[in-house]
Amino acid sequence: MNESAVFAKNWSSIVLWGGLIFLFGYWFFGFDGITFSDDVYYLLAGRDFWEGKMATNDYHFSSRWGAYIPAGLIVHLFGMNPHWASAISLFAYLITFILLFRLQSGKEGKFVFSIWMLTQVYLLHFLTKVYPDALLVLCVAFVVFASTFRFQKPFLAALGIIIGFFVGMVTKETMVLLGTFPILILYFDWRSKKLSFSFLGYLIALGATVILLYLAYFWWKFGDPFYRISSINAGHYVSEFTYADKGWKSMLIRLSYLPITTFVERIYWPWIVFSIAGIWNALKTKKPIDLEFSLAFLSLLIGFWFMSSTLELYNPIYLNPRHLIMIVPILAFLIGSGWKTWKTNPKMKWTIMSLMILGVTISVFQNDWKTAAFQGVLAVLLFLPKSNWQLASFSLVLIGPAILAIQYQKELKDYQNLINELNRELLSTENQSPILVNNFIYFSREVLIPNQNLTGKKLIPIESADSLIGTAPEEIRVFIYKYYQHAYPQEEEDIRPLESLLEPSYQMQEGQVDGQIEIQVYRRRD
């Protein structure tokens, strides 16, 4: 057997292992630091849990056990290393890829699925982060995977669906976006006269048991079986991210075109558009496996578009693009399933082309020329004549931005320089003066500078500059991480007046800028 024959025979294994190695490599080389936000809470809560200091309370994050207990175990074993802790996200992605790769049919389908799943920049961005959304990627995929063998193994299928939903719900409540999926598959089974009453019975029995046990825990712990629901309601308060309090126009915008512009702006649009062929074919032919994935997509789409953030009143959830990463493997699977369909169906090809042009138009109006160009190139590739060249071109166009995003994020955040400069400032034996830092740096201090409890006390958030000046220290150092301009622009309100606050009592002695780090030293006027 010649080399080409051996290569062709082992093609699926090569693609599988290539995908797994790519994910590991992206995780290993793509770490660009923490987000200075929710991940800080999960890292610290996980650490405290394994040290016996963490308890569920009225803050709704504390009930997201799956979000911090697994990552916390890594922290407990290996220390406070956010990169190593994010290995739990890598694990979720690897298992998701293996499960869906196994279900995808045909060599071309497996390759297409792999390319589209492994190149979505938002999905990859959270590969190196400790966020529950990364774990929901696996939970959603596991529920859909389990549903595909409900006729052959009804008990195991029902058990798998319930486990997936339970783990998902105790990881993050956005798992509820998939809530209509079991109803949809049961409805289609009933319409096709293939409803498995064994599966239905097991699903109801196991679901009811888990729900009752879960409610019983909160009843025993807090005296209220619906305690978590109340904490979730309390955690979603009126803010810039709510709509119900801003009038009917705000609600109309949110429920009409805002989801579409979000899909385009956050690079989900090509994945949705190219999955249409697979969805259309699955709903038309009722082909097993493809049908389940199509129904899962529809369930997630309905949930993302219309789900309320609270049960107290109808307020559509904020369209956070992070919430959508769990839909990417589902879309990638459908793209792989429908790849041949649009290539042999001119109407479908022109439908995809038209929708891609719509995406380009929206990006142009948003002045996002990079996204417009990316979508435009994908649209042009639809009409390449040779199939092999076409697939290779799609692969190159998809992989390129994913790889380039690593260096872009590292240069944007300058994270390692932040850690080095922060440690240098704190560990300097010559400098014992207080250090004013960005509020989000202060919030993240236990993750950024673990095991430095004494030196960490020198850090003061800039929002407390007034109080610090009132104590009249001889010297004040100002440490500004300019990444705030990208991630937390609202901190400009505290940073802009800082110099005028210091000027009456202090004089700047020196200042330096190194990448994203700006350090100024002020001494008290005599």
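Which residues do ring pairs link into a cluster? They are Y41, Y42, Y59, F61, Y122, F126, Y131 and Y268, shown here, like everything below, in a predicted model.

**Figure 1. A cluster of rings.** This close-up takes in the group held together by ring pairs, with Y41, Y42 and Y59 among its members. F61 and F126 belong to the cluster too, and so do Y122, Y131 and Y268. If you go looking for aromatic pairs across the whole structure, you'll find 57 of them.

**Figure 2. Charges over rings.** In one, K110 lies over the face of F101, 4.6 Å from the centre of the ring. In the other, R254 places its charged end over the ring of Y243, with 5.8 Å to the ring centre.

**Figure 3. Inside the largest nonpolar core.** This core counts 163 residues, and F36, Y93, W116 and F274 have the most contacts inside it. Helix α9 (residues 132-147) gives the largest share, 12 residues. Both domain 1 (3-412) and domain 2 (415-524) contribute residues, so the core lies between them.

**Figure 4. The surroundings of W116.** W116 is one of the residues with the most contacts inside the largest nonpolar core.

**Figure 5. Where the two domains meet.** The chain splits into domain 1 (3-412) and domain 2 (415-524), and their C-alpha centres are 38 Å apart. At the boundary, 16 residues of domain 1 are in contact with 15 residues of domain 2. Together the two domains bury about 1300 Å² between them, and carbon and sulfur atoms account for 67% of that area. On the domain 1 side, keep an eye on F36, M80 and L412: they supply 50% of the area that domain 1 buries against domain 2, more than any other three residues. F36 is also among the residues with the most contacts inside the largest nonpolar core.

Key: Residues are numbered from 1 along each chain as its sequence is written. This is a predicted model: local features need pLDDT of at least 70, side-chain atom pairs count only at pLDDT 80 or more; totals for chains, interfaces and linings use all residues. Side-chain values use heavy atoms; hydrogens and water are left out. A nonpolar core is a set of buried Ala, Val, Leu, Ile, Met, Phe, Trp, Tyr and Cys residues joined through side-chain atoms within 4.5 Å. Buried means under 20% relative accessible area, exposed over 50%, partly exposed in between (1.4 Å probe, protein chains only). Helices (H or I, at least four residues) and strands (E, at least two) are DSSP runs, numbered from the N terminus. Domain bounds come from an automatic or database domain assignment. Rings of Phe, Tyr and Trp (its six-membered ring) pair if their centres lie within 6.5 Å; planes under 30 degrees apart count as stacked, over 60 as edge-to-face and the rest as tilted. A charge sits over a ring if NZ of Lys or CZ of Arg is within 6 Å of the ring centre and within 35 degrees of the ring normal. Contact means heavy atoms within 4.5 Å. Buried area is the accessible area (1.4 Å probe) that two parts lose on being put together, summed over both.
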